[in-house]
Amino acid sequence: MNISFYVSGRAGRLRKILEEASPSTLKLIKIVVCDNLKNEDLHQLLSKHDIKMVSFDYKTLSPERKQRNKVLSDKLNSLFKENNIDYCFCFGDHILEGQLLKDYENRIINFHPSILPMFPGLMAIDQAINAGAKVLGNTAHFIDEGVDTGSIIMQNIVSYQFFEKYGYDGLLNLQVPMFNKILDSLINNTLIINNGKVTLKNYNYDSVVFFPE
């Protein structure tokens, strides 16, 4: 299996994954695509593990703002095919679209910082806080043509008090164990898709949590 990452900004979650990854996981990562040129230290880190990195400035993809997501998506599609990528894990800021989503249906996984379908789109954590949510969390889902509407793979949930104590990074870092569990399921063929619903075999779906308890 060959996997890739699409990341934006400082790529904090990818850095965390690389810190904790086993040698066998690192061997699966063939390419990282970053839409930020200010990540030379990330390039050096990836080079140590013989992982290819392609970086560019998102704003230069097209003079027309509305065309940039399409150009980005086409660029990713070409890179994935050139590198024989099976799955892509997304920690990027921009919406993917077009032929990429057809060619890689149910193979591009996004990590969104809310308990979908609540609070899709940008600034999801702030949306939840402003709405007075008692719980926050993360969702891993396949990307489709909508905005954060693809089939949900896994979610985690924390109390607002957890967020007050550990902040944005504390909440976002909970996406890392989600990645590990999903990757393990893909490797072992235990991720099952049936009529648009995703099930991970060998995991417990019977948990109940109350906030406040």
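Modeller: Two strands pair if DSSP finds at least two bridges between them. A strand is a DSSP run of E, at least two residues long, numbered from the N terminus. The model is predicted: local features need pLDDT of at least 70, side-chain atom pairs count only at pLDDT 80 or more, and totals for chains, interfaces and linings use all residues. Residues are numbered from 1 along each chain as its sequence is written, and side-chain values use heavy atoms, with hydrogens and water left out.

Colleague: What makes strand 4 and strand 5 a pair?

Modeller: Three bridges join them, in the parallel sense. Pairing needs at least two. So they pair. C90 stands opposite N110 in strand 5.

Colleague: How do you know that strand 1 pairs with strand 4?

Modeller: Five bridges link them, and they run parallel. The cut-off is at least two, so this is a pair. Here I3 faces Y87 in strand 4.

Colleague: Why is strand 4 called largely enclosed?

Modeller: Buried means under 20% relative accessible area, with a 1.4 Å probe and protein chains only. Five of the five residues of strand 4 are buried, so the rest of the structure largely encloses it. Y87, F89 and F91 point one way, C88 and C90 the other.

Colleague: What makes strand 3 and strand 7 edge strands?

Modeller: The open sheet has seven strands in the order 3-2-1-4-5-6-7, with mixed pairing. Strand 3 (52–55) and strand 7 (152–159) each have a single partner strand, so one side of each lacks a neighbour in the sheet.

Colleague: How do you know that strand 6 and strand 7 pair?

Modeller: They share seven bridges, antiparallel. At least two are needed, so they pair. L136 stands opposite V158 in strand 7.

How values were computed
Helices (H or I, at least four residues) and strands (E, at least two) are DSSP runs, numbered from the N terminus. Buried means under 20% relative accessible area, exposed over 50%, partly exposed in between (1.4 Å probe, protein chains only).
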